[in-house]
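Please look over the sequence and the model shown here before reading on. The report is meant to be read beside them.

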Amino acid sequence: MNDTRKGFLIDTSRCIGCRSCQVACKQWNKLEADKPGKERVGGDAQLTANLYNRIHFMERTIGAGVTWAFFSERCMHCGDAGCIKVCPSPGALYRTREGIIAYNKEKCISCKYCVSACPFNIPRYGEDDKVAKCNLCQDRVAGGLQPACAKACPTGAISFGNRSELIAKAKAAKKTLYGEKDLDGLGVVYALEGPPSVYGLPASPSIPLSIFLWKDVVKPLGILGFWGSIGAMLLHYVTVGPKRPEHENGHGEEHHE
Amino acid sequence: MNDYIDRFNTRERVLHWFVTITFFTLLLSALGLYSRLFTGYFNLFGGGQKAIIIHKVAGVLFFISSLVLFIHNRRRTTDFNKDDMEWFRYLGGYLSRKEIHLKVGKFNAGQKLFGVFIGVATILLGITGIFIWWPLAFPRWIVQLSLLVHGLLFVSSIMFVVVHVYLGTIGNPGTLEAMLWGKVSRAWAKKHHPKWYKEVTGE
């Protein structure tokens, strides 16, 4: 996969918070405008089923002053993707050869397991009750083009290409990388200017513990347990055998051996 | 003298089989959600989305009926006593062919345990089911935990049910009749539930 895996390198030091990436994403993916609401610049701005990427304005204190750290959020296209792990509908969420976590709304059965399993809380459900998130402009990438957000970015904060080459380049420039190894490598690697917590990112992202226990422990053990209990009952029948009531004064149950 | 004595009345039997049907509907509609190995079971319901709808409807029906059954039997299933400890010690005599005599009332300790387990599981499956039904309305950690607990209870329920079906059919000849037409033979009652036999016949 590594040879064909594509990805983003997002250099937060270059982001100027212009939101060109959001506009380009909306336009290319033909996403409706969300109704204006309580949305504001800063903390509680969220992705929606019509907004696949978003620049967060994270306030941080440096010395006596306050400054913004701009954080461009979207699906991370994890190497080990929680959403794919839990999706019960084959082909609804899948990985392309470029490492894109793509989806097919027609196969989505609206169970919303992916919402719970995502380490980054990315998938959204809109009015159609189907999964919605960044698909890394799958169609553009398949045609050899850059994703809309990377194409629109005026400062080069978002670069797209072969994942391993982007990482090598960033390492040569002595950047601190986020997401190189986590979850078998994220498809979106960040060059951060501070600890991940400044950007609202988990220090070491992982599939939620309950989800791991559910899918990797309870599920296989459950199948084993079911057949095990059937096997145990059959074994009991041929070893100890059934308990038959004895004949008693002619009142017992009739049975013939 | 009548050869047979009443064990379960009509209401109890109908309720039991109603719970049974909803349980297996839940089981079949859940298989495709449980693992992609079982995706084919979605076809029984006309696809995954319809299987989910059936699962929700059956879930509500199972929750109510199973709870009613549990409440109906609550006195006889929750009164664990010294004789029950004795039953657990020998596992009801199921581990050997040797005849042992245990003091058993209408329900033995294993049946009591099964009853209480299914009762508690019903409540917890219902609660976690609500969170899984509307995952966007609750904090993510609650839904994540619910998915785990719902799966865990499903797995343990089905294992309990395998044992329940075995012991209620081929494992104990003469038992199924109690749930089919309500009566058991005197010999059966004396052997499996001597305390209860004395209670109802005075013998």
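## Basis of the description

This is a predicted model, in which local features need pLDDT of at least 70 and side-chain atom pairs count only at pLDDT 80 or more, while totals for chains, interfaces and linings use all residues. Residues are numbered from 1 along each chain as its sequence is written, and chains are lettered from A and ligands numbered from 1 in the order in which they are written.

## Overall form of chain A

Chain A contains seven helices and 10 strands, these being DSSP runs numbered from the N terminus (H or I of at least four residues for helices, E of at least two for strands). Its radius of gyration is 26 Å, well over the 18 Å that the globule rule gives for 257 residues, so chain A is more spread out than a compact globule; the radius is taken over C-alpha atoms, and the rule is 2.2 Å times the number of residues to the power 0.38. The C-alpha trace of chain A spans about 95 × 45 × 40 Å along its principal axes.

Of the 257 residues of chain A, 38% count as buried, a term that requires 20 or more other C-beta atoms within 10 Å of the residue's own, with C-beta atoms placed from the backbone.

## Helix H1 of chain A

In H1(A), residues 20-28, the buried residues are Cys21(A), Gln22(A) and Cys25(A). They cover an arc of only 100° around the axis, which puts them on the same side of H1(A), where the arc is that of the directions from the helix axis to the C-beta atoms. Their cover includes strands S2 (54-62), S3 (65-73) and S8 (158-162) and helix H5 (148-152) of chain A. After H1(A) comes Lys30(A), with a positive phi near 50°.

## Contact between chains A and B

The contact takes 39 residues from chain A and 40 residues from chain B, two residues being in contact if their C-beta atoms, placed from the backbone, lie within 7 Å. On the side of chain A that touches chain B, the elements giving two or more residues are helices H3 (113-117) and H7 (209-239) of chain A, and H7(A) provides the largest share, 14 residues.

Key: A residue is buried if 20 or more other C-beta atoms lie within 10 Å of its own, exposed if 12 or fewer, and partly exposed in between; C-beta atoms are placed from the backbone.
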